[in-house]
Structure formats: C-alpha cells, structure tokens
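Here are my notes on this model, as numbered points. Please read them with the structure open beside you.

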Amino acid sequence: MSSSTQESAADKRADRSAETFLEGGCFCGSIRYQVPRSDYPAGNCHCTMCRRTSAAAFVSWFVAPKTEFTIVKGHCEELESSEHGKRYFCSSCGTPIACELAEHPDVIDITICSLDDPEAIEPRRGFFTDTRLSWAASPA
Ligand SMILES: [Zn+2]
Ligand SMILES: [Zn+2]
C-alpha cells in the first residue's frame with residue numbers, strides 16, 4: 001500500500017467519525033467524549049439540583065444508552081448529588097458533563113451544552129417545571 005493510499009484511508013475514517021459521532025467535552029479541554037449520532041430524547045431540567053450544580057437557570061440534557069457513551073480523554077470527577085443521582089464534571093474547570101440516576105441504570109444523561117455542536121440535539125420537553133424560575137423563559 002502506498003503512503004498516499006494510507007492518507008486517504010485515514011481521511012475517510014476522520015470524515016466518517018464526524019458524521020457518525022457527536023463529540024463534546026469540558027471548557028478546559030481535559031475531558032473529551034463521544035456518543036454515536038442519533039435522535040436522542042432530550043429536555044430541559046428545571047430541578048433545584050441542576051440549577052445549583054450548574055449555577056444556571058436550567059440544564060439541557062439528552063439521554064443515551066450508557067454503553068454508547070465513551071470518555072475518550074480525561075477523567076470525570078463524581079458527585080453524589082442525592083441518594084439516587086450521581087453527577088460527573090471536570091475537576092479542573094467545573095463543566096457538568098453527565099448524570100446517572102439509579103432508577104434508570106441503563107442510560108446516562110449528557111449535557112447538551114458540553115457538545116461541540118449543541119444545535120445537534122434540541123430539548124423538546126421540560127422536567128421539574130414546577131420549580132422553573134419565573135424569568136427562565138423556555139418553550140420546554
Ligand atoms: Zn475541564
Ligand atoms: Zn435536574
């Protein structure tokens with residue numbers, strides 16, 4: 001195989017990776033992850049724990065099978081935010097990355113805004129809207 005053939009094969013792999021995977025990570029770049037591109041369920045969570053751990057009005061999440069979520073660089077710090085919830089974030093820059101809930105052991109919630117392309121997934125429903133802030137305008 002000539003070296004030019006190898007290069008084009010590598011180019012093709014890179015193209016396919018961008019088409020096939022959604023990629024994301026934290027603000028400082030210590031943590032990078034991949035998840036296959038798919039039409040994942042997604043919503044905005046207005047619960048008080050999301051609000052405080054992100055210091056934002058609400059957090060937009062998508063839900064993927066746990067087996068599909070791969071950390072390709074770095075290591076997430078864990079926080080047990082409740083008896084039935086564990087949050088994963090970057091210990092260097094604090095970016096919230098993911099959350100696991102005991103009642104849904106097969107899936108992982110991933111923050112839409114840690115994606116390189118947050119437009120790739122649109123949150124279509126709201127959770128814990130009873131604790132939504134009065135000024136947090138959001139269709140979901
Ligand atoms: Zn970071
Ligand atoms: Zn929440």
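This is a predicted model: local features need pLDDT of at least 70, side-chain atom pairs count only at pLDDT 80 or more; totals for chains, interfaces and linings use all residues.

1. Where is the place of Ala55? Ala55 sits in the loop between helix 2 (48–54) and strand 4. Ala55 is not a glycine, yet its phi is positive, about 55°. Is Ala55 buried or exposed? Ala55 counts as exposed, because it has 8 C-beta neighbours inside 10 Å.

2. Phe128 is another residue to check. Its phi is positive too, near 50°, and Phe128 is a residue other than glycine. Phe128 lies in the segment after strand 10. With 16 C-beta neighbours inside 10 Å, Phe128 counts as partly exposed.

3. Now the overall layout. The protein chain has two helices and 10 strands. Along the sequence the pattern reads α-β-β-β-α-β-β-β-β-β-β-β. Of the 140 residues in the protein chain, 28% are buried. Take the contacts with a separation of 6 or more: 58% of them join residues 24 or more positions apart.

4. Strand 4 and strand 9 are antiparallel and share five bridges. Here Ala64 has Ile108 of strand 9 as its bridge partner. Strand 6 and strand 7 are also paired in the antiparallel sense, over five bridges. These two strands form a hairpin with two residues between them. Across this pair, Glu80 stands opposite Lys86 in strand 7.

5. Strand 2 deserves a residue-by-residue look. Five bridges join it to strand 1, antiparallel, and Phe21 has Pro36 of strand 2 as its bridge partner. The hairpin of strand 1 and strand 2 has six residues between the strands, and Gly29 in it takes a positive phi near 90°. Strand 2 is joined to strand 5 by three bridges, again antiparallel. On that side, Tyr33 stands opposite Ile71, and Gln34 stands opposite Thr70.

6. What are the covered and uncovered faces of strand 2? Tyr33 and Val35 make up the covered face. Arg32, Gln34 and Pro36 make up the uncovered one. As background, side chains in a regular strand alternate between the two faces of the sheet.

7. Next, the nonpolar core. The largest one has 25 residues. Those with the most contacts inside it are Trp61, Phe62, Cys76, Ile97, Ala98 and Ile110. Two or more residues each come from strand 2 (32–36), strand 3 (42–45), strand 4 (59–65), strand 7 (85–89), strand 8 (96–101) and strand 9 (107–111). Which strand gives the most to this core? Strand 4 does, with four residues. In soluble globular proteins, nonpolar side chains tend to be buried together.

8. Phe62 can be followed through its contacts. Setting aside residues up to four places away in sequence, Phe62 touches Tyr40, Pro41, Ala42, Ile110, Ile112 and Ile121.

9. Finally, Cys113. Its place is in the loop between strand 9 and strand 10. Cys113 counts as partly exposed, because it has 13 C-beta neighbours inside 10 Å. Neighbours within four places in sequence aside, Cys113 is in contact with Ser60 and Pro118. Cys113 and Pro96 are 17 residues apart in sequence, and their C-alpha atoms are 9.2 Å apart.

Technical notes: Residues are numbered from 1 along each chain as its sequence is written. Chains are lettered from A and ligands numbered from 1 in the order in which they are written. A nonpolar core is a set of buried Ala, Val, Leu, Ile, Met, Phe, Trp, Tyr and Cys residues joined through C-beta atoms within 7 Å. A residue is buried if 20 or more other C-beta atoms lie within 10 Å of its own, exposed if 12 or fewer, and partly exposed in between; C-beta atoms are placed from the backbone. Two residues are in contact if their C-beta atoms, placed from the backbone, lie within 7 Å. Two strands pair if DSSP finds at least two bridges between them.
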